[in-house]
Amino acid sequence: MRCRFRFASLVVGLFTPVLWLFSLQVHAEAAPTKAVGGVQGMALEKVVMLLRHGVRSPNQTAEQLSESSFRPWPDWGIEPGDLTVHGAKLIGYLGRYYRMHYADLGLLSPTGCPTEDAVSVWADNSTRRIPFSAQVLVENVFPGCDLRTGFMPQTAPDKLFHPVELGTCPLAVGRAEDALLAAVDGDINQPMRELQAPLEFMQSLLKVRPRGVCIGNLSACGIDQFANAIRAEPEGIRLEGGLMAAATVGENILLEYVEGFPADQVGWGQAASPEALGKLLAPRNRYLDITKRTPYLAAQHGTPLMRVLLGALDDQSGQTPQVTVPPPGEDFVAIVGRDLHLAVIGALLGLNWTLPDQPDRHGSGVTIALERWRHTVNDQVYVRPVIHYQTLSQMRGAEELNRENPPGRVVLTFPGCEDDAVSGACPLSVVREQVNARLAPECPTVD
């Protein structure tokens with residue numbers, strides 16, 4: 001049986017001619033006698049995923065990056081910010097694993113195609129790497145089923161993913177500035193002192209690029225002394241300066257590693273180890289904590305998307321004049337976005353995590369999976385949050401994922417649900433109440 005999504009707005013023609021490069025052969029495997037990751041006394045009914053797109057090239061050209069270092073950056077050979085073939089392969093491996101894993105848990109059939117209403121996949125349309133990644137994912141979760149990713153026409157950004165920039169959930173500039181300052185204890189350069197050791201290591205790799213805006217009014221400085229600044233813009237508020245620059249540098253070196261660049265090219269031959277990458281990613285993790293996970297900023301950036309995720313857990317969907325909402329799907333929902341979406345949704349869910357052997361908490365392919373379980377005795381519905389991700393070694397080596405080599409997996413628990421939780425799963429009603437209290441009431445609702 002061939003199945004298609006029933007999305008009103010599909011723009012797949014732009015991507016279809018090249019997607020065949022990224023499709024992978026899927027081999028059916030016999031289900032084990034006991035599934036790993038189940039919840040005793042419960043049956044899995046649905047999974048609602050939010051994941052980041054696959055490995056990309058840096059968003060800047062090598063020439064643009066040269067402003068950050070006297071040492072030359074490598075040329076990736078593709079357009080800035082594009083999904084790489086290696087990155088598409090990794091997303092495909094994740095998709096294959098999700099089919100096997102959730103078939104083992106009794107949610108999906110091990111082979112064959114789903115019914116028309118069972119699956120929903122939606123992607124941010126702001127850059128082509130995101131729909132690319134979503135299409136690779138669905139082709140590998142459900143191979144041979146002719147399923148297509150839904151996303152809005154690329155004539156304008158999707159307000160579901162960019163509510164602040166497009167005015168759907170506008171920021172109050174003063175309140176946003178106060179939120180940023182509160183996150184750094186009132187001192188905008190506090191993170192630079194907090195991260196002194198990682199920043200000094202980063203500066204040792206960059207080999208000094210003098211800057212004119214330095215902490216302490218120095219006449220010139222490297223990235224470890226580059227001052228921060230808050231800039232208000234019509235589409236939002238930005239934390240610019242040293243921490244933002246360090247976040248970009250750290251991620252670009254990480255991308256070299258997971259893409260499989262030779263060790264002597266990763267951070268100019270000085271960063272091809274998990275230990276070095278852990279230092280380099282510390283500024284990026286801190287930057288996302290400050291700019292996206294701060295409660296007010298998370299609410300403004302994430303409320304429409306969070307409402308869609310909650311609606312999918314309830315099998316509800318709909319549209320408002322301001323936000324188009326994808327169908328909820330009966331069994332499997334995947335929404336593909338960017339790192340900032342993982343950060344804001346994690347904050348709105350009240351979840352924090354670290355990932356063993358993956359220093360980037362919001363890295364390529366990292367997935368927040370909200371699993372809906374039903375208790376077999378009291379018939380109550382529960383939600384369990386799980387983070388799936390590929391480890392550094394799995395990404396760098398393009399390792400296939402299977403039961404013997406599964407991706408990293410961290411089972412989380414919702415705070416404040418200790419008295420009601422069962423094996424880490426929290427009643428959906430409790431989760432909904434907690435999350436709704438964190439949302440921005442002025443943002444559009446999903447009816």
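## Helix 10

Helix 10 (residues 295-313) bends by about 65° at Gly302, and a proline, Pro304, follows within four residues. The end-to-end span of helix 10 can be set against that of a straight helix: 19 residues at 1.5 Å a residue would span 27 Å, but the end C-alpha atoms of helix 10 are only 23 Å apart.

Helix 10 is mostly covered, with 18 of its 19 residues buried. Just after helix 10 comes Asp315, whose phi is positive, about 60°.

Arg372 lies in strand 6, which covers residues 367-375. With a relative accessible area of 8%, Arg372 falls below the 20% cut-off and therefore counts as buried. Its side chain reaches the backbone oxygen of Leu313 at 2.7 Å. The side chain of Arg372 also makes a polar contact with the side chain of Asp315, at 3.2 Å.

Leaving out residues up to four places away in sequence, Arg372 touches Ala312, Leu313, Asp314 and Asp315, among others. Other residues touched by Arg372 include Ala43, Leu44, Glu45 and Lys46, as well as Val381 and Tyr382. Arg372 and Lys46 are separated by 326 residues in sequence, yet their C-alpha atoms are 5.1 Å apart in space.

## Glu371

Glu371 is also placed in strand 6. Its relative accessible area is 0%, so Glu371 is buried. Two polar contacts of its side chain can be listed: one with the side chain of Tyr102 at 2.8 Å, and one with the side chain of Arg384, at 2.8 Å.

## Strands 3 and 4

Strand 3 (residues 228-233) pairs with strand 4 in the antiparallel sense, over six bridges. Ile230 has Leu239 of strand 4 as its bridge partner. Strand 4 (residues 236-241) is mostly covered, since five of its six residues fall under the 20% limit for buried.

## Positive phi in loops

Most residues other than glycine have a negative phi. Asn217 is not a glycine, but has a positive phi of about 60°. Asn217 is in the loop between helix 7 (196-206) and strand 3. Its relative accessible area is 78%, so Asn217 is exposed.

Ser423, another residue other than glycine, has a positive phi near 50°. Ser423 lies in the loop between strand 8 (408-411) and strand 9 (426-427).

## Whole chain and confidence

The protein has 13 helices and nine strands. Of its 447 residues, 57% count as buried. Among contacts with a separation of 6 or more, 75% are between residues 24 or more positions apart.

The mean pLDDT is 89, and 89% of the residues reach 70 or more. Over residues 1-34, pLDDT stays under 50, although the model has 81 contacts beyond four places in sequence for these residues. Where pLDDT is low, the predicted coordinates should not be read in detail.

Terms used: Residues are numbered from 1 along each chain as its sequence is written. This is a predicted model: local features need pLDDT of at least 70, side-chain atom pairs count only at pLDDT 80 or more; totals for chains, interfaces and linings use all residues. Side-chain values use heavy atoms; hydrogens and water are left out. Helices (H or I, at least four residues) and strands (E, at least two) are DSSP runs, numbered from the N terminus. Buried means under 20% relative accessible area, exposed over 50%, partly exposed in between (1.4 Å probe, protein chains only). A polar contact is a pair of N or O atoms within 3.5 Å; within protein, one must be able to donate a hydrogen and the other to accept it, and residues adjacent in sequence count only if both atoms are side-chain atoms. Two strands pair if DSSP finds at least two bridges between them. The expected span of a helix is 1.5 Å times one less than its number of residues. The bend at a residue is the angle between axes fitted to the seven residues ending there and the seven starting there. pLDDT is the predictor's confidence in each residue, from 0 to 100. Contact means heavy atoms within 4.5 Å.
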